[in-house]
4 protein chains.
Amino acid sequence: MSNSFSKEYLVVAQNASGRNMQVPIYRFRGQQQGPKVYIQSSIHGAEVQGNVVIYHLIQWLKRIPIRGEITLVPNCNPVGTNIKAGEYTLGRFDPVNGTNWNRGYYYDRDAVLKFARTVGPEESVESIKQRFRQVLQQGLHQRLNADWGLGLANQLNLKLQTLAMNADIVLDLHNGPVSSRHIYVPEYAADAAKLFNIPHVIFIPNLFAGALDEATFCPWWTLSENLTKKYQRDFNFNIEAFTVEMGSQEVVNFAEGEEDAEGILSYLNGRDVLVDASIGPAPMLRYASKLKDYRTLFTQTGGIVEYCAKPGVPVNHGECLAKVLNVDELDNERAVELITAPCDLIPVLHFPSASVLSGTQLYKCLTNYHQL
Amino acid sequence: MSNSFSKEYLVVAQNASGRNMQVPIYRFRGQQQGPKVYIQSSIHGAEVQGNVVIYHLIQWLKRIPIRGEITLVPNCNPVGTNIKAGEYTLGRFDPVNGTNWNRGYYYDRDAVLKFARTVGPEESVESIKQRFRQVLQQGLHQRLNADWGLGLANQLNLKLQTLAMNADIVLDLHNGPVSSRHIYVPEYAADAAKLFNIPHVIFIPNLFAGALDEATFCPWWTLSENLTKKYQRDFNFNIEAFTVEMGSQEVVNFAEGEEDAEGILSYLNGRDVLVDASIGPAPMLRYASKLKDYRTLFTQTGGIVEYCAKPGVPVNHGECLAKVLNVDELDNERAVELITAPCDLIPVLHFPSASVLSGTQLYKCLTNYHQL
Amino acid sequence: MSNSFSKEYLVVAQNASGRNMQVPIYRFRGQQQGPKVYIQSSIHGAEVQGNVVIYHLIQWLKRIPIRGEITLVPNCNPVGTNIKAGEYTLGRFDPVNGTNWNRGYYYDRDAVLKFARTVGPEESVESIKQRFRQVLQQGLHQRLNADWGLGLANQLNLKLQTLAMNADIVLDLHNGPVSSRHIYVPEYAADAAKLFNIPHVIFIPNLFAGALDEATFCPWWTLSENLTKKYQRDFNFNIEAFTVEMGSQEVVNFAEGEEDAEGILSYLNGRDVLVDASIGPAPMLRYASKLKDYRTLFTQTGGIVEYCAKPGVPVNHGECLAKVLNVDELDNERAVELITAPCDLIPVLHFPSASVLSGTQLYKCLTNYHQL
Amino acid sequence: MSNSFSKEYLVVAQNASGRNMQVPIYRFRGQQQGPKVYIQSSIHGAEVQGNVVIYHLIQWLKRIPIRGEITLVPNCNPVGTNIKAGEYTLGRFDPVNGTNWNRGYYYDRDAVLKFARTVGPEESVESIKQRFRQVLQQGLHQRLNADWGLGLANQLNLKLQTLAMNADIVLDLHNGPVSSRHIYVPEYAADAAKLFNIPHVIFIPNLFAGALDEATFCPWWTLSENLTKKYQRDFNFNIEAFTVEMGSQEVVNFAEGEEDAEGILSYLNGRDVLVDASIGPAPMLRYASKLKDYRTLFTQTGGIVEYCAKPGVPVNHGECLAKVLNVDELDNERAVELITAPCDLIPVLHFPSASVLSGTQLYKCLTNYHQL
């Protein structure tokens, strides 16, 4: 009646002590056929709320029957999780060379176009899907086995991607610095945005910048567009991938994690992964922008900053976003500089430290946003 | 009618570009005689709220007349303020060698005892005070001019101390990691604790561990005790020094900074620094422990932590302080470990990151505390 | 008779204390017309030998007459120079976000192609050059003045590029980790490789990856190729740019710096910058590979490494490059792993620490190399 | 005929992934009675040559018979070994709080004096030694089991010390930054200095500053002095402990490691640990200073440094130690500052980076040195 469960470990790196660093893989299989789901968290080491979300998902999955299979990989970056610099976790990039831990996944546009040429007008979506997945896995394995080796972040990403690439649905759980909950949704899957309980949505185009969600959907999107154009009919491979930002980094909250888990279950139920479940999306306001309208405001000056605008609370053009204190001018009118909103916007996240240099990403904001 | 004002700069270090790093010195002098006050902030680079407090103090001091002199040195550590490691400020210690920026001040117990032997039974407190200050400054300058040089943190500390050593009242503004407002008060000045608007108080003994407050009061306390014992009468030099922890690091808040400034003015008014001001302490609950009862709870295991107890809210023996998630055990009963209070306590601060290794300072707590 | 000299400063950033961070600009102008030369050093903060080279160049330029103008900007990254992490300089990337300090220069291929369409068949190279430079400067200024601001590394790069863009010859002085002297030369300027006294040469194609040399020559190369194809004649704009790697990071040597400076003067003399100078290239062996054959060998395992192959000394296929000690296996035959050369090669640089994780860039090597 | 061998692991910490971090323990037992020896390496994570030395010691110990027991713990700090900050290892201190990994060992002078009072005039050295060791182990265990826990570095140190405290001979293998081989020798064991093949010797007094060698010999030295004074006869417990600095950090060399191992065997042979071995000290010059004459020269200014004096090569008063380049003054006579020797000295180590702030430990030097 219930799901079967297994746990195993995947070695993703080796540290300077010569010891294996591995990630746990939790897997639930339903008794009925259905989509394969892959969920990972904490590819950026300081973004840990996703681990709590996966904990709650596992509690649910021990009780509620699913179709298909759900694979969960919490704390998927054992290197980044364990680099401290001061009290905080230096989790965003490889401390050796600055490589972002979330930019080394595999996508080869030329290989997709080459594969597209092998698809005849009559081939079924199922058959295409199966063949294409094989080709993708081959490309991945070839890269992983490069004769001169591969960089650490790249290796880590590709080893995780061998798991993700078998899935139809991929969720990559992240956090912003100080952040509202928000989600990156590929434009073709825009309707999914309403199935999550996430207030802020960024719609992204078919462009690869190295992240797992893009690496997952770009091949299928590209293939689908190519074939649709060629054969003038729809090719829907039912592959979806999302980067889900579960609030702020460096903090976890079990109660919120339970709600986060419910939101994910709501989406999964919308995709027929749950059997006889009644979980649906919460009634709430959801706002969205296109990626090109999801803008970063950089500081022009350095100083000590109070973040006056809170993530998620709309700000009108000209209203105060932040105050910057200049310690050399405390006795005169240059003591405090006001930074105001360049247009109407919803701040989604802000920098997590009061001390900023010039050129710091102060806020990231939805602009030209609309309600979903 | 009003105070005179001046601003200057003190070079405290030179960076690898060969350029001077300097701190701003704001100084207000009243028209009447009175105590000398020295206030600095941000010796730990990530503890920045004190800069906002000094900003508000300066606004007040432009308007309200004082007795004596107030010297304010915001952002007193231009090295520590500017070391980023990831998005946060690595401000607690010299990144080269780990030396805490707040442990290199000068105190020489033997020099105090040697000086004490020069004091005759009839010498006035004023005369002793003047002679002793000279001796202290000489000791300081001698150390600063060591023939083989001095370490960076040590130099920084001693240069600031040349300013602080002339003062009768020294306030060193800090922040905790995630923290309530609290204050370190030398036991002999316990009554001062009620003049500030700070809810949590730690009474410290006549022991030097390297910090500015200790470096300021230890010589006078030691001298006073020594002479009192010898001559069987009171020697009160009216020197007070405090480390004031203005909430959490890495954040500033202007509105709270204004209240913080008022609390300091309340204390200064209690010490006759203000002329005709009516600022007094706020009615509030204040709790205190001795330093030996201000205890640190360390983690026994590593993992992902939710801090369930909030700074400032009392916790009873056995109640939950924190939950630790173990990502390798999410499917079983070892998934979440509870850390409970080993006794009745008030948590004053906790670690600022959810990711902890074993041996992490999870909480610092008042125990055996009493209401003031 | 001699050159005129001036010195000024350019503000390139502001630190968290709200203070300007500036770079010194040394400029020599000859009495005769000639090319404009721009030389900078230490965009990566730990790569400091170039500063010594510029010091020696300045001593020469005070004595020997030049044609045109030479601008020298030592220590061009005052942020990266001053981030310590332990005793070493964390100089390769912005510690806040991992952004490589040498990847944010400006190049807009589309803008080049658009400009190319404005060039008529009769326009002189001089006229094209003047107009194109104006267009490039406009593009640069537009980007620098982006309404939502720019990231720190990007700002730094673009401000330096406003200086470099006026030059005909650009030298960007770097260092490798533990490294022989080597130079990146654009394929079209291959003959320049023999004018420097640098033993190892990498020929790079017309591809932009963000560095200053590429940002300098890519527009002109692209323009030249486009016009040559269109009008079937040569368009030579005499723009050359090189990244010159002056040995190992974290060390300087004045005597070697003098030789380095002579090598640069040899090249400049070859480009008619020096008046009546007799400095020419040293007789020496020079080896070169194409960029695609300049390969990185990554570690497969973590451990403690002895680098057996020295930078600059050829290694045959199968010979030992490195030994890796595994501290868990000291009692058996797995204690030491040998890493051997996958083909004939010249190691150019190796990782500067004995402690490596899997996926570390152990060696970078010339393969398929030939003597120049 | 040969030694028996065993290998086990000791858990010393747990990382943020909740995983145990352990150190390997290699142990050889001879067939004859004899002293117990404890050797560890890499308590500072970047000081790795000791691991190679232990590797070579193990190869010897598989072949040559010993008396007593030798315990070897390479890579004894799995936390510090694995913190990278840029390409180097941030191995000297806990990155969270700056705590030096080599300052948290246990020594309680009062406990020693208390124990001394329990020793009667007739008690044998063997009996005292056995009882005292028990008391020391109790003190250690009590501290390790503190009810509010212990800091990470402290825990690591004490866990290692439970192994070291059973030994009669303790060697703690370190490296300097850029360094000659040197050794810290307790004054009472001065004759041991000639048994090692180490050219530079620092004699240290009976003072505890937190390191393992001090933590090992201070209790016995204090006890011995106390009893000798009380009972007017010699109490020799034959406990020796040394910090041995095996050259420079961040590099390993297998060939040199073999020589290092031979030097240690020479000392062990001098202490009767080897059976029928003919290994003795090499003929070489050895120079020594007292700790108070082992002096640190700090920089007064910041800049780019060439280290002109090489570790191990004597420098006369007034000769050049270093040149400092100031990038803002390259055109005038302030471009290069000379730092000269304040007295006759032997530089033992220097800072490992060319970029220094003011207050940097430029050189550590033997002064008032003499030949052994």
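Helices (DSSP runs of H or I, at least four residues) and strands (E, at least two) are numbered from the N terminus. The model is predicted: local features need pLDDT of at least 70, side-chain atom pairs count only at pLDDT 80 or more, and totals for chains, interfaces and linings use all residues. Residues are numbered from 1 along each chain as its sequence is written, chains are lettered from A and ligands numbered from 1 in the order written, and side-chain values use heavy atoms, without hydrogens and water.

Residues 33-269 of chain A are listed in an unreviewed UniProt entry as "domain: Succinylglutamate desuccinylase/Aspartoacylase catalytic". Such annotations may be inferred rather than shown by experiment. This stretch of chain A is 38% helix and 21% strand. Its end C-alpha atoms lie 14 Å apart.

Helix α1 (residues 49-61) of chain A packs on helix α6 (residues 254-270) of chain A at about 65°, with axes 8 Å apart. Axes are lines fitted to C-alpha atoms over the stretch in contact, and angles run from 0 to 180 degrees between N-to-C directions. The contact (heavy atoms within 4.5 Å) involves residues of α1(A) including Val52(A), His56(A) and Trp60(A), and residues of α6(A) including Phe254(A), Ala261(A) and Leu265(A).

Chain B can be laid on chain D with an RMSD of 0.0 Å. Superposition is by least squares on C-alpha atoms of residues with pLDDT of at least 70 in both copies. The two copies are thus related as by a two-fold rotation axis. In chain B, the C-alpha of Gly98(B) is nearest the axis, 2.0 Å from it.
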